[in-house]
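Me: Could we go through this model together, starting with how the helices pack and then turning to a pocket?

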Amino acid sequence: VPAMIAAVYLCSPILLFIMALGIIFGMGGSDIIIHYSEDNRQEITSKIFNFCTLSLILTGLLILILGLVFLGPVSLLTGADSENFSYTSEYLKWIFIGTPVNILAIGYFHLFRSIGLSKQSTIGFIAGTITNIVLDVILINILGWGTKGAAIATSLGYAVSLLYYICVIVFHKKSIFYRYLFSFKISKKTALQIIRVGFVCALNTLMISICNIIMDNFIGLYGTESMASFGIAYNLNLIPVLLS
């Protein structure tokens, strides 16, 4: 059990990294969409939304491929040792498989807020979180899938969020979704603006991910039980931080 707990904690910086990539195009696109919405330029805002959607999908597919190819080295990078390496690799494998869905759901959470769908954005996020919690109980405690179950629960939670967002896109009568459908071409300047703004927004998450990886490699020197204990304490400490 300590090895499983340690493995799940060790994978959290990779989840943060994936989240940061979603923020780059999610928050970056949102900021630029709001800018052009003030000028009532529906065509460019629609194209930016489509561009960000395509970028999120392609980024997710790239991380999926690279993650599975370099699964072993990435697991070692997180600070995994001989006791928890197999659990860490198993967890990461299923997270990487779900990355295209996960990253798009994260991006849509931010993009929806920029086009006046804050309520729908929040509903999708809550639905995914509740799904994740329920599936954790079923897959880990009842079916006994361990770290595999935890990773699948996380990815399926994001899948539920994404499914809800897609339903909103299909059924919501908002011109940004259908007026310029499949039109992705934006200027190089606008694309760079999205990435630049998004990178600044994602920088905090990226730094936390990098710092945690460095810290975990040092904590790992004291063994799996120490890593598991620290992981539990770290997650409990996140509660007041996230509420602040």
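Predicted model: local features only at pLDDT ≥ 70, side-chain atom pairs only at ≥ 80, totals over all residues.

Me: At what angle do H2 and H3 pack?

Reply: The angle between H2 and H3 is about 175°, and their axes lie 9 Å apart. Helices here are DSSP runs (H or I, at least four residues), numbered from the N terminus. Axes are lines fitted to C-alpha atoms over the stretch in contact, and angles run from 0 to 180 degrees between N-to-C directions. H2 is therefore roughly antiparallel to H3, a term for angles over 145 degrees.

Me: Which residues of H2 and H3 meet?

Reply: On the H2 side they include Phe17, Leu21, Phe25 and Tyr36, and on the H3 side Ile44, Phe49, Leu56 and Ile63. Contact means heavy atoms within 4.5 Å. By class, this contact has 14 nonpolar, six polar and no charged residues. Ala, Val, Leu, Ile, Met, Phe, Trp, Tyr, Cys and Pro count as nonpolar, Asp, Glu, Lys and Arg as charged, and the others, Gly among them, as polar.

Me: And how do the axes of H3 and H5 cross?

Reply: The axes of H3 and H5 (residues 85-97) come within 8 Å and cross at roughly 160°, so these two helices are also roughly antiparallel. Ile63, Leu64, Gly67 and Leu68 of H3 make the contact with Lys93, Phe96 and Ile97 of H5. That contact has five nonpolar, one polar and one charged residues.

Me: What about H6 and H7, which residues meet there?

Reply: Phe109, Phe112 and Arg113 in H6 meet Ser118, Gln120, Ser121 and Phe125 in H7. By class, the contact has three nonpolar, three polar and one charged residues.

Me: Changing topic, how much space lies in the second largest pocket?

Reply: About 250 Å³ lies in it. On a 1 Å grid over the protein atoms alone, where a 1.4 Å probe fits, a pocket is an open set of points with protein on both sides within 12 Å along at least five of seven lines, and lining residues have an atom within 4 Å of a point. The volume is the space filled by probe spheres set on the points, which are joined across faces, edges and corners.

Me: Which residues are closest to its centre?

Reply: Of the 14 lining residues, Ile14, Phe17, Val74, Leu77 and Phe96 are the closest to the centre.

Me: Which helix supplies the largest share of the lining?

Reply: H2 does, with four residues. By class, the lining of the second largest pocket has 12 nonpolar, two polar and no charged residues.

Conventions:
Residues numbered from 1 in each chain as written. Heavy atoms only, no water. Parallel < 35°, antiparallel > 145°, perpendicular 65-115°, else oblique.
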